[in-house]
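Grab a pencil and open the viewer.

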Amino acid sequence: MSIVQAQKKRRGNNEVAVRLPSSSIATSGPGSGLRALQEEDDEEPRTSSLQAPIMLLSGQDAPVYGVKFSPNGDVLASAGAEKAIYLWEVYGDCANYNVLRGHQNAILDLSFFRDGRTLATASADKSGALWDAHKGKRKRKLPCASIANGCCAGSMDDHVAVACDDGSVLLWDARQRKPAKQLQTQYALCAVALEGSENRVFAGGLDNVIRGWDLRTDEVVLELTGHTDTITGLSLSPDGSRLLSNSMDSTLKAWDVAPFSPSERCVATFEGHSHDFHKNLLRCSWSHDGEKVACGSADQIVHVWDVASTEELYYLPGHKGAVTEVDFHPKEPILASASSDTTVYLGEIA
């Protein structure tokens, strides 16, 4: 593949890219401005509003563990071992317009609230946090007794669930100073998913079991077994009827979590990705229409599957380290992927 650097023009201290053909790869990073690389290839029809089919967001100085689109799709947040949250514009030059700092250790997960303004994070500094993405400030700290491995903001109210190393799920109300609930298990929890109605919360971790609690009674109402190693990622489908789980056994499973479902809850298993000795918390996600799934993988590849057939639709190279998280744009056919190579990619798919 032949890649040549496109011509640039200067605006102040930053470099910006000129308009590029659709076969381009554009890269951006704080301080260094935007660079554009043109791949000598036949032009293909565009499917998104991205400036180029692939945008490389660089400038973070440490592995990136999490990446999320805002609910309206205009903003991308990424975070990781640098202990900071980077906020990026999704369209145009994909400028990094703010960096939020406050955690004292790696940020392991992040989640937008439904308003698109409040952002929740979980950190190895034994805390979660709520951030105002518009003002660029931390709103409050959510203290935990152990490492906070995962978080998930609710879509109906001001609640966020945090999964911790001590086996607890802490449910916080953004309007209160203390956790509204604490649900306890025996083993460390690595991932959490909060139902849209906020009636149930799901968590999984070291014992390979996914548990679902009814938040009206605080009772475990569902136990999903089938994975043979640690669960590292959980994600509910857009309609809330299915739960996706990524595991260190190198399988991705979809579960029927609707009430009164048949006893066999596992409805699909997706294979092709991998975990390795680094034991990273590799996350997973659904497309906005619920027809595709994707997850992180240690083989440096972004894997995307068709839900109905379980066939792999996309095998996307480019990262030089483990892919830690993949997120689907809420409106357009765009994928965001974070990696331990310190970069984030935005790419359009068909």
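**Exercise 1.** How do the residues of the lining of the largest pocket divide into nonpolar, polar and charged?

*Solution.* Ground rules: this is a predicted model, where local features need pLDDT of at least 70, side-chain atom pairs count only at pLDDT 80 or more, and totals for chains, interfaces and linings use all residues. Numbering runs from 1 along each chain as its sequence is written, and side-chain values use heavy atoms, leaving out hydrogens and water.

Step 1: sort the lining by type, with Ala, Val, Leu, Ile, Met, Phe, Trp, Tyr, Cys and Pro as nonpolar, Asp, Glu, Lys and Arg as charged, and the others, Gly among them, as polar.

Step 2: count, which gives 19 nonpolar, 13 polar and eight charged.

**Exercise 2.** Which salt bridges does Arg-211 form, with Asp-207 and with Glu-223? Work out the distances.

*Solution.* Step 1: apply the cut-off, a side-chain nitrogen of Lys or Arg within 4 Å of a carboxyl oxygen of Asp or Glu.

Step 1: Asp-207 meets Arg-211 at 2.8 Å, N to O.

Step 2: for Glu-223 and Arg-211, the closest N and O atoms are 3.6 Å apart. This pair joins strand 22 (residues 219–224) to strand 21 (residues 210–214), 12 residues apart; strands are DSSP runs of E, at least two residues, numbered from the N terminus.

**Exercise 3.** Is Asp-214 buried or exposed?

*Solution.* Step 1: buried means under 20% relative accessible area, exposed over 50%, partly exposed in between (1.4 Å probe, protein chains only).

Step 1: Asp-214 has 12% relative accessibility, so Asp-214 is buried. Its salt-bridge partner at 3.1 Å, Arg-216, is exposed at 60%.

Notes. Helices (H or I, at least four residues) and strands (E, at least two) are DSSP runs, numbered from the N terminus.
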